[in-house]
Amino acid sequence: MSTASAIAVAVSETTAAQPTFTQVAEDHLGSTYRYLIHLVANRDLAEDLTSATFERALKDWHRFDPQKGTPEVWLIQIARRVALDHFRSEGRRRGREETYAAREPRVAEPPAEPGGDTQLRRAIAGLTRSERELLALRVVLELDSKETAEVVGGTPSAVSSGLHRALGKLRREMGNRDEQA
Amino acid sequence: MSRPEPTPDRVDELLDGASPAGEQEREMASLVNEIQGLQDEPSPELRARVDQIASGAPAQGRRTWRERFSLPGFPALTGPRLAIAGGALAVVVIAAIAVPLGSDSDGAADLASADATEQEAPLGLEEATPAPNEGAVPRASGDEELPLLEGAEEPFSNGAAKAAGGAVAEDAIPPGPDQGRPQEVRVRTAVQVDGVDGLSRASSQAMTQVRELGGFTVSSRFSVPNSEFGTSDLVLKVPSERLEEALEGFTELGSVISQDASLVDLGEELNQRRVQITRQRERLASLRKELRENPGDEELTRQITLTERRLAALIEQRKQVLQRARMATIELLLTTDGPVAADEGENRFIAAFDRSWDRLATVLEWAISAAVFLVPLALLGWLGLALTRNLRRREAQRLMDAV
């Protein structure tokens with residue numbers, strides 16, 4: 001192999017190892033959105049957070065190192081940070097509203113959208129955010145325990161325990177609803 | 001009999017594709033399938049928004065630092081290669097720091113030698129030995145003041161000072177390797193002689209030679225610890241212009257095993273003395289003028305006496321400096337041992353090794369000082385960072401525990 005062709009191969013390998021942002025966005029939009037919709041249990045909010053995730057991902061794209069992890073896990077980690085930022089600002093907003101509401105006559109709030117109209121969606125909406133997150137990562141996106149632990153910042157065994165707890169809770173909730181029906 | 005509820009590990013196995021066994025596991029698998037069957041696809045509007053965001057991305061992401069530092073066709077710097085490259089870089093940086101530091105310390109040593117500038121160099125006899133003084137006395141700075149000393153305008157009233165001044169006036173500054181400046185020549189030489197008997201004979205012969213050349217012996221130390229080995233350390237003074245003859249004479253004592261010389265520039269010191277003497281002379285003239293106007297003033301008489309003493313002392317000091325320039329110093333080591341007994345500084349490799357260690361020690365000293373200063377700061381920073389991260393993790397956990 002000549003030097004020129006060796007360099008060409010090396011350059012093409014480098015290019016192949018580093019996907020373009022457009023490719024990553026196209027391939028992982030669905031998984032990012034599914035993660036967020038399970039986490040926030042609200043379709044409109046999930047869409048807003050998804051676009052915010054890709055905006056931040058574009059800004060941080062130069063930091064992405066394919067040797068450190070897959071684009072999907074990297075995007076999910078960004079989505080998680082975006083969602084946490086949203087929860088923080090939402091908490092502050094609610095705090096302000098509660099302070100205001102204490103001085104004003106209380107108005108009944110509309111029930112939160114559970115994320116869909118099926119029984120399963122309602123049951124999922126009843127889980128905590130961390131439980132919904134584990135379901136999204138392990139069941140919906142089918143990440144393995146190690147990748148899930150990388151996203152949530154825990155250990156694979158903690159992920160397994162949390163998922164076991166979430167599924168058990170979901171089963172009981174579904175069972176109760178079946179009995180009520 | 002139904003199997004118990006699946007354990008967390010079993011749930012992992014089911015999710016990883018294991019076949020469910022028992023009613024509980026089948027229920028679990030069914031629930032998982034149901035969750036996976038939920039149709040949560042992004043809307044066309046979201047796709048359009050994300051496409052718009054992605055359209056602003058560069059064609060190719062920024063290359064990682066490893067790719068940036070790797071040449072096409074060459075392996076990336078990872079693992080041992082990265083460690084080797086880092087080590088080489090560290091050595092280069094330390095060497096770059098150490099070499100100037102070493103130079104600085106040499107410079108500091110030069111400065112430490114008061115008002116003299118020392119030039120050390122291995123010296124050949126021709127180089128070390130001044131040309132015979134044939135009356136062509138160089139007009140060095142020290143000489144320029146001679147007319148002042150001989151000036152009749154203010155003759156010395158002090159006889160000793162007058163005598164000293166006369167002696168100084170007669171002194172000629174010996175020419176050194178630098179003909180234009182007065183210099184003190186110091187030669188260290190080691191000569192191997194045959195046996196302890198020869199040592200005593202050689203010592204006497206060296207002292208005699210020096211005396212014949214107009215010099216003298218400053219000190220002598222003779223040591224014979226056993227019948228096999230002995231040394232004789234002699235410090236000798238010879239007129240600079242006859243140094244070459246003296247060194248040639250020493251070659252007859254035995255084998256010269258080492259020799260080096262140093263030159264100390266005395267020009268600056270002589271200049272200082274000249275300025276001081278001029279000031280004292282001016283002061284003396286002024287005081288005498290005042291005394292002529294006010295004869296019998298005891299205070300003026302006392303000050304004149306003091307100034308004359310100071311002037312005499314300065315002239316004596318200057319004479320000593322000129323004496324140092326006129327007389328070369330020879331440190332002669334006579335030994336029965338071989339070259340091992342020679343001056344250790346002669347061994348260039350050992351000297352270079354010693355200098356390297358000194359520089360390394362200096363660098364380590366700097367590194368330790370920096371570490372003492374930076375480590376507590378780094379520790380505080382690390383603690384602060386750990387605390388912040390812990391707080392953020394707890395807050396995230398609290399947010400995620402909400403329904």
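Where in chain B does Asp194(B) lie?

1. Asp194(B) belongs to the loop that runs between strand E2 (183-192) and H9 of chain B. The structure under review is a predicted model. Asp194(B) counts as exposed because its relative accessibility is 71%, above the 50% cut-off for that class. In sequence, Asp194(B) and Thr336(B) are 142 residues apart, yet their C-alpha atoms are 6.0 Å apart in space.

2. Helix H9 of chain B covers residues 195-212 and has 18 residues. From its first C-alpha to its last it reaches 26 Å, close to the 26 Å expected at 1.5 Å a residue. Its buried residues are Val196(B), Gly198(B), Leu199(B), Ala202(B), Ser203(B), Ala206(B), Gln209(B) and Val210(B). Viewed down the axis of H9(B), these buried residues fall within an arc of 145 degrees, so they line one face of the helix. An α-helix has 3.6 residues a turn, so residues three or four places apart point the same way.

3. The other side of H9(B) carries Asp197(B), Arg201(B), Arg211(B) and Glu212(B), which are exposed. The buried residues of H9(B) pack against four elements of chain B: strand E3 (216-223), strand E4 (231-239), helix H10 (243-250) and strand E6 (327-335). Just after H9(B), Gly214(B) adopts a positive phi of about 95 degrees.

4. Helix H3 of chain B (residues 44-55) has 12 residues and a C-alpha span, first to last, of 16 Å, close to the 16 Å expected at 1.5 Å a residue. Leu46(B), Val50(B), Ile53(B) and Ala54(B) are buried in H3(B). Seen down the axis of H3(B), the buried residues fall within an arc of 95 degrees, so they line one face of the helix. Pro44(B), Glu45(B), Gln52(B) and Ser55(B) are exposed on the other side of H3(B).

5. Salt bridges over all chains number 23. One of them pairs Asp85(A) with Arg88(A), whose closest N and O atoms are 2.9 Å apart. Because Asp85(A) and Arg88(A) are three residues apart in helix H4 (residues 71-103) of chain A, about one helical turn separates them. Asp85(A) is partly exposed at 30% relative accessibility, whereas Arg88(A) is buried at 12%.

6. Arg88(A) also meets Glu395(B) in a salt bridge, at 2.7 Å from N to O. This pair crosses between chains, from helix H4 of chain A to helix H13 of chain B. Glu395(B) is partly exposed, with a relative accessible area of 24%.

7. A further salt bridge joins Arg121(A) and Asp40(B), with 2.8 Å between the closest N and O atoms. It too crosses between chains, from helix H5 (residues 119-125) of chain A to the loop between helix H2 (23-36) and H3 of chain B. Arg121(A) and Asp40(B) are both buried. Elsewhere, salt bridges that share partners join Glu184(B), Arg186(B), Glu269(B), Arg324(B) and Glu331(B) into one network.

8. The surface also has a nonpolar patch of about 700 Å², made by Ile94(B), Phe353(B), Trp357(B), Leu360(B), Leu364(B), Ile368(B) and Val372(B). Helix H13 of chain B (residues 348-401) gives the most to this patch, with six residues. Ile368(B) is found in H13 of chain B and is exposed, with a relative accessible area of 54%.

Note on methods: Residues numbered from 1 in each chain as written. Chains lettered and ligands numbered in written order. Predicted model: local features only at pLDDT ≥ 70, side-chain atom pairs only at ≥ 80, totals over all residues. Heavy atoms only, no water. Helix = DSSP H or I, 4+ residues; strand = E, 2+ residues; numbered from the N terminus. Expected span 1.5 Å × (residues − 1). Buried < 20%, exposed > 50% of the residue type's maximum accessible area, 1.4 Å probe, protein only. Arc of directions from axis to C-beta. Contact = heavy atoms within 4.5 Å. Patch = residues over 30% accessible without salt bridge, like charges linked within 9 Å, V, L, I, M, F, W, Y side chains within 5 Å. Areas by Shrake-Rupley, 256 points an atom, 1.4 Å probe, with all protein chains shown as cover. Salt bridge = Lys/Arg side-chain N within 4 Å of Asp/Glu carboxyl O.
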